[in-house]
Every structure is written in C-alpha cells, then in structure tokens.
Amino acid sequence: MKRRSILLAALLATTLGVAPALALALDVVATCPSMGALVRTVAPNANLTVLAGPDRDLHSLQAKPSMIRALRGADLVVAVGAELEVGWLPAASTSAANPAILPGRVGYFEAAAQVPLLDVGGSASRALGDVHPAGNPHVDLDPVRMAQVAEALAARLGQLDAAGASRYRANARRFAKAVDRRLPDWQARLASAPGVVLYHRDAVYLLDRFGVPLLGTIEPVPGVPPSGRDLRKLTGELRGLQGVIVHAPYQSPKAPRKLARDLGWPVRVLPMSPPLGADGNGYLSHIDAWVDAIAVAN
Ligand SMILES: [Zn+2]
C-alpha cells in the first residue's frame with residue numbers, strides 16, 4: 001500500500017469520524033496476464049503490475065530492474081507457482097528487499113498451491129531434464145481451477161485489507177459463476193474434439209477438464225527440446241490419426257510445422273495467457289480462443 005493511500009484513508013477516517021469502509025488500493029504484482037486477470041476481477045481497485053506479457057516464457061524469464069522496482073513496493077505477489085517462476089522470481093524478490101512478499105508470508109500467493117495438481121509423482125525428474133518435478137504448474141488454462149484460485153485470492157486479499165474482504169469475496173464469486181455459465185458451451189464444443197499435440201505440457205489442465213485427448217508432446221520430457229529421432233517416433237505414433245498441433249508463440253515453430261506437414265494436421269499458435277490488460281472477461285475470451293482452436297480438426 002502506498003503511503004499516500006494510507007494517509008488518505010486516515011484523513012477520510014478523521015473527516016468522517018468513521019473507519020474507512022472502502023477497500024484500500026493494495027499494490028499487487030502478478031507474474032503473468034492470467035494472474036493479472038484474476039487480480040483485476042477480484043480487486044479492481046488494486047494498483048496492479050503484471051511482470052510479463054503473454055509472449056514471454058515464464059520458465060525462462062530474467063529478473064529485470066523494472067521487476068525489482070515493482071516488487072519493492074508490493075503488498076502482494078500473485079504467482080502461478082509450483083516452481084514455474086523459480087528461475088527468476090526468488091532472485092527478483094530477494095533483490096527487492098521486501099520481506100513481506102517472500103514465500104510463506106501473507107504477501108506471497110501461488111495459484112498452484114490452491115488447487116490439485118496434475119503430473120505429480122510420476123517419472124518427473126530434474127535428472128532427466130524435467131523442469132517441473134513439483135508437478136505441472138500450468139493450472140491457469142483450467143477455468144474451473146482458476147475460479148477456485150480466485151476465491152482463495154479473495155481470502156488472501158481480505159487478510160491484507162479487512163475492509164475490502166466482502167467485496168473481494170463477492171467479486172470472486174461473480175467470476176466463479178461466470179465460469180460456471182460458460183462450462184456447458186465449452187463442454188459441448190469440445191465433445192468431439194479429435195485430440196491435441198502440445199509442444200510442452202502447458203495446456204494439459206484444459207484438455208483434462210474437458211476430456212480432450214492429449215495425443216503427444218513435441219518435447220520428449222518437459223523442458224527438453226526434441227531430437228530428430230524423437231520427432232520421427234512421434235510422427236510414427238500419430239500417423240493415421242486426426243488432431244491439432246498447438247504451441248505457444250515463444251516455442252520454436254520448426255518441429256510443430258514439420259509434424260503438421262508430415263501428418264496433414266493444422267497447427268495453431270496460441271498464447272498461454274490472455275492479453276496484458278485482460279480482466280476476468282478477457283480471461284474467459286482467452287479460453288474461448290483455445291476451445292475454438294482445439295475443437296476443429298481440419
Ligand atoms: Zn512448464
């Protein structure tokens with residue numbers, strides 16, 4: 001919270017003779033636009049900074065001075081978590097010298113810690129090059145998990161700003177209801193989806209939610225690029241099937257294009273996060289775009 005907001009709140013309290021009833025303008029930092037969309041939905045009055053746009057790969061960002069500046073004044077950090085940001089966020093938070101936002105403190109919130117994770121306890125191992133030994137962190141493409149995360153986020157915001165707690169709860173509830181209303185349509189559009197090949201296991205929560213088959217991944221192990229042999233093996237396994245190949249803008253298009261050519265499948269490039277300034281509605285449109293892309297075979 002900025003000193004100015006505190007002073008203003010104190011001034012209001014003095015002038016009106018009552019405690020300020022309005023929610024405070026918390027300074028919130030979200031690591032990516034999906035998390036930013038949740039913050040805008042649950043706490044539209046927050047001063048929000050989103051650290052990376054949808055064109056950036058959260059696995060491999062570098063801590064930058066602008067991030068450290070934003071983290072220095074933050075009341076709350078909203079991360080995807082499950083070690084997705086482990087390569088840069090801890091370093092940036094430590095450099096920001098703001099103990100209130102370190103893991104374990106009320107000012108640090110992870111989406112992945114609020115919901116059940118997929119890919120936990122399998123063969124995942126850093127020794128094999130797997131970047132996600134703690135389970136799959138990419139929960140933000142599942143709208144149902146995101147609704148649960150929104151409610152947990154509302155509770156956390158309420159701890160930081162008790163006067164705004166009921167409003168945060170109501171906003172999260174509204175988002176959860178909006179998700180509920182869309183589910184039957186998404187389910188219907190995806191009922192006969194042929195299946196998807198992903199570059200990385202970054203959309204498995206969406207596929208799992210709607211029962212869309214994951215036919216394969218271009219990476220043999222999460223975080224490990226495919227060899228020519230890996231690609232030939234995958235092509236052999238998929239020949240004769242129908243499906244769509246989807247990859248993110250920051251993943252090399254070379255292998256997806258080759259696979260698409262060899263199989264005669266369409267290839268789609270879709271961001272993992274909605275646009276930088278998206279709110280809850282922007283997030284739902286982002287899920288719509290994914291549903292459109294994977295519902296259609298050829
Ligand atoms: Zn990943």
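Reader: Before anything else, when does a residue count as buried, exposed or partly exposed?
Author: A residue is buried if 20 or more other C-beta atoms lie within 10 Å of its own, exposed if 12 or fewer do, and partly exposed in between. The model discussed here is a predicted one.

Reader: Then which does Glu 83 count as?
Author: Glu 83 has 19 C-beta neighbours inside 10 Å, so this residue counts as partly exposed.

Reader: Where is Glu 83 placed?
Author: Glu 83 lies in the loop between β3 and α4. Its phi is positive, about 70 degrees, although the residue is not a glycine.

Reader: Let me step back. How many helices and strands does the protein chain have?
Author: The chain has ten helices and eight strands. Of its 298 residues, 43% are buried.

Reader: What share of the contacts between residues at least 6 apart in sequence join residues at least 24 apart?
Author: That share is 65% in the protein chain.

Reader: You mentioned β3. What is the strand order in the open sheet of four strands?
Author: The order is β2-β1-β3-β4, and the pairing is parallel.

Reader: Which strands stand at the edges?
Author: β2 (47-50) and β4 (108-110) do; each has a single partner strand, so one side of each is left without a neighbour in the sheet. From one strand to the next, the twist averages 20 degrees.

Reader: Which helix packs on that sheet?
Author: Helix α2 (residues 33-42) packs there and touches β1 (27-30), β2 and β3. The direction of α2 makes about 170 degrees with that of β2.

Reader: How many bridges join β3 to β4?
Author: Three bridges join strand β3 (residues 76-79) to β4, and the two run parallel. Val 78 has Phe 109 in β4 as its bridge partner.

Reader: On to β7. Which way do its residues point?
Author: In strand β7 (residues 244-247), Val 244 and Val 246 point one way, while Ile 245 and His 247 point the other way; all are buried.

Reader: Why would they alternate?
Author: In a regular strand the side chains alternate between the two faces of the sheet.

Reader: Which strand is joined to β7 by three bridges and includes Val 196?
Author: Strand β5 (residues 196-198) is joined to β7 in that way, and the two run parallel. The bridge partner of Val 196 in β7 is Val 244. Three bridges also join β7 to strand β8 (residues 267-269), again running parallel. There, Ile 245 stands opposite Val 267 in β8.

Reader: How does the chain cross from β7 to β8?
Author: The chain passes through helix α9 (residues 254-263), and this β-α-β crossover is right-handed.

Reader: One last topic, helix α6. What is its reach from first C-alpha to last?
Author: Helix α6 (residues 165-190) has 26 residues and reaches 37 Å, close to the 38 Å expected at 1.5 Å a residue.

Reader: Where does α6 bend?
Author: α6 bends by about 35 degrees at Arg 182, and Pro 184 follows within four residues.

Reader: Which of its residues are buried, and what covers them?
Author: Buried residues in α6 include Tyr 168, Phe 175 and Trp 186. The cover over the buried residues of α6 includes α2, α5 (143-160), α7 (204-210) and α10 (280-295).

Note on methods. Residues numbered from 1 in each chain as written. Predicted model: local features only at pLDDT ≥ 70, side-chain atom pairs only at ≥ 80, totals over all residues. Contact = placed C-beta atoms within 7 Å. Pairing = 2+ DSSP bridges. Axes fitted to C-alpha atoms, helices over the stretch in contact; angles between N-to-C directions. Right-handed = clockwise from strand over helix to strand, strands pointing away. Expected span 1.5 Å × (residues − 1). Bend = angle between axes of the 7 residues up to and from the residue.
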